[in-house]
Amino acid sequence: MNAPLHIEAITGVILAGGRGSRMGGADKGLQNFNGVPLALHTLMRLSPQVGEIMINANRNLSAYESFGVPVWPDSTGLGEYAGPLAGFLTALERCETPYLLTVPCDTPLFPHDLVARMAQALAREYADFAVAAAPEEDGQSRPQPVFCLMATHMLESLVRFTQGGGRKIDAWTAQHKTVVVPFDQPGDDAHAFFNANTLAEL
């Protein structure tokens, strides 16, 4: 069996670079949830699970910088608001640890053992990617590709994929060995991966 990944080997990136179109153009990561900005909720939940942490954002950078971690806007030539893969690319370029974990800014209740379980699966399967899977509203468990753990050497592959016009996470990960990590076990919160797309849902 492959050696387990240590927490210090993993950098977490919070993806807050979207245009928030379903929230009327609001900056999603800065919308309050229980009185605290969504991205800050995510930061507090992720920090104990990883060695380093950063935020990918494309506006209101000083607000994100006030959370006390590095903030990087999309540094790619993919155009404005090119989707989550632009954030993946930016984070892989900036990552100084062997592994990178991506999480969205709008899913503040993800599991406290998210990283541990994904790292264990990645090592066990000698995989290139670990992707979380969780029950959705219809009760079916589906991959949540924005929750993704990968080795930083995947940067070269992602550059090739995006330069070829690719924009979908699952189309990229499908080119490599991917292990899907289920979060539907007894004791798992069925709503852990619920994400707020509108202000009403929030």
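N34 counts as exposed, at 67% relative accessibility, where exposed means over 50% relative accessible area, buried means under 20%, and partly exposed lies in between, with a 1.4 Å probe and protein chains only. The residue is found in the loop between β2 (32–33) and β3 (36–37), where helices (H or I, at least four residues) and strands (E, at least two) are DSSP runs, numbered from the N terminus. Although N34 is not a glycine, its phi is positive, at about 55 degrees.

This is a predicted model, in which local features need pLDDT of at least 70 and side-chain atom pairs count only at pLDDT 80 or more, while totals for chains, interfaces and linings use all residues. Residues are numbered from 1 along each chain as its sequence is written, and side-chain values use heavy atoms, with hydrogens and water left out.

A positive phi, near 50 degrees, also occurs at N60, again a residue other than glycine. N60 is found in the loop between β4 (52–57) and α2 (61–65), and at 40% relative accessibility it counts as partly exposed. The C-alpha atom of A63 is separated by 8.1 Å from that of L30, although the two residues are 33 apart along the chain.

Why is helix α3 (residues 84–94) described as largely enclosed by the rest of the structure? The reason is that eight of its 11 residues are buried, and these are L85, A86, G87, F88, L89, T90, A91 and L92.

Strand β6 (residues 99–104) is likewise mostly covered, with five of its six residues buried. Strand β1 (residues 10–16) runs parallel to β6 and is joined to it by six bridges, where two strands pair if DSSP finds at least two bridges between them; within this pairing, G12 stands opposite L101. Strand β8 (residues 141–151) runs antiparallel to β6, with four bridges between them, and A151 in β8 is the bridge partner of Y99.

Which residues line the second largest pocket? They are P84, P145, R167, K168, I169 and D170, a lining that divides into three nonpolar, no polar and three charged residues. Here Ala, Val, Leu, Ile, Met, Phe, Trp, Tyr, Cys and Pro count as nonpolar, Asp, Glu, Lys and Arg as charged, and the others, Gly among them, as polar. A pocket is an open set of points on a 1 Å grid over the protein atoms alone, where a 1.4 Å probe fits, with protein on both sides within 12 Å along at least five of seven lines, and lining residues have an atom within 4 Å of a point.
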